[in-house]
Structure formats: structure tokens, C-alpha cells
Amino acid sequence: MRLPDGVIVRYRFPWWLRPFLLRGVVGITLGRRIYVEGDDPVRTLRHELVHMQQIARLGLLCFYWRWIREYLGQRFRGASADQAYRRISFEIEAFAAEREETL
Ligand SMILES: [Zn+2]
């Protein structure tokens, strides 16, 4: 797997980040840094790299604004937290990339 220039990947979350993470989270992107954990960190890395591209495309604020708006829209329509998360367009794109062998 080829990483974009300047991206730093760390296995395991730093101690200071743990209190902010929901249970079951296996990857998170903070700026140019990606933290992964869990059974399949390469798969998680593919997912997080898609989010990094989305953020580069839209800008951080626009990305999170639309992510939250889509999530809440799903919740208001009766989706469970997990269903709402998986129906966010950014997540659909990232989950699809998890299964690809190349980036
Ligand atoms: Zn995601």
C-alpha cells in the first residue's frame, strides 16, 4: 500500500485520545496523522485514507458539517446509531474502499 506524502500512521490510539472515542472505533484521522487499532489495521487504514481525501476535497469544516448533518438526518428518520453511521455518504465511500486491494 502506498501512502500519500506526509501521512503518518500509528498503530494504537494515544492515551489522551481514548476518553473521546466511542466504543468500537478502530480508526481515526487527525490532520495528516492516522491512528488504527483492531484486527485488520490495513483495512482500517484504507477507510481512513478515504476520509483524508474527502477532507482534502471539501475542507475540514465542510466535511464534518455534512457528516453530522447526514448522520442526524438519518437519526431523525428513525435509523439506529449504527445504521445512520453506515448510511452517511462519506462512510459508504470509505467502506467500499476497505474491500479494495489497492488504494
Ligand atoms: Zn469512517
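## What covers helix α1

Helices (H or I, at least four residues) and strands (E, at least two) are DSSP runs, numbered from the N terminus.

This is a predicted model, where local features need pLDDT of at least 70, side-chain atom pairs count only at pLDDT 80 or more, and totals for chains, interfaces and linings use all residues. Residues are numbered from 1 along each chain as its sequence is written.

## Helix α1 itself

Helix α1 has 18 residues (residues 41-58), and at 1.5 Å a residue they should span 26 Å. The expected span is 1.5 Å times one less than the number of residues. The end C-alpha atoms of α1 are 25 Å apart, which agrees. Just after α1 comes Gly59, with a positive phi of about 90 degrees.

Which residues of α1 are buried? They include Thr44, Leu45, Arg46, His47, Glu48, Leu49, Val50 and His51. A residue is buried if 20 or more other C-beta atoms lie within 10 Å of its own, exposed if 12 or fewer, and partly exposed in between, with C-beta atoms placed from the backbone.

## α1 meets α4

Two packed helices are described by the angle between their axes and the distance between the axes. For α1 and α4, the angle is about 140 degrees and the axes are 8 Å apart. That makes α1 oblique to α4; angles under 35 degrees count as roughly parallel, over 145 as roughly antiparallel, 65 to 115 as roughly perpendicular and the rest as oblique.

On the α1 side, Arg43, Arg46, His47, Val50, His51 and Gln54 meet Phe90, Glu93, Ala94, Phe95, Ala97 and Glu98 in α4.

## A closer look at Val50

Val50 sits in helix α1 and counts as buried, with 21 C-beta neighbours inside 10 Å. Leaving aside residues up to four places away in sequence, Val50 touches Glu93, Ala94 and Ala97. Val50 and Ala96 are 46 residues apart in sequence, and their C-alpha atoms are 9.6 Å apart in space.

Most residues other than glycine have a negative phi. Arg12 is not a glycine, yet its phi is positive, at about 80 degrees. You will find Arg12 in the loop between β1 and β2. Is Arg12 buried or exposed? Arg12 is exposed, with 12 other C-beta atoms within 10 Å.

Terms used. Axes fitted to C-alpha atoms, helices over the stretch in contact; angles between N-to-C directions. Contact = placed C-beta atoms within 7 Å.
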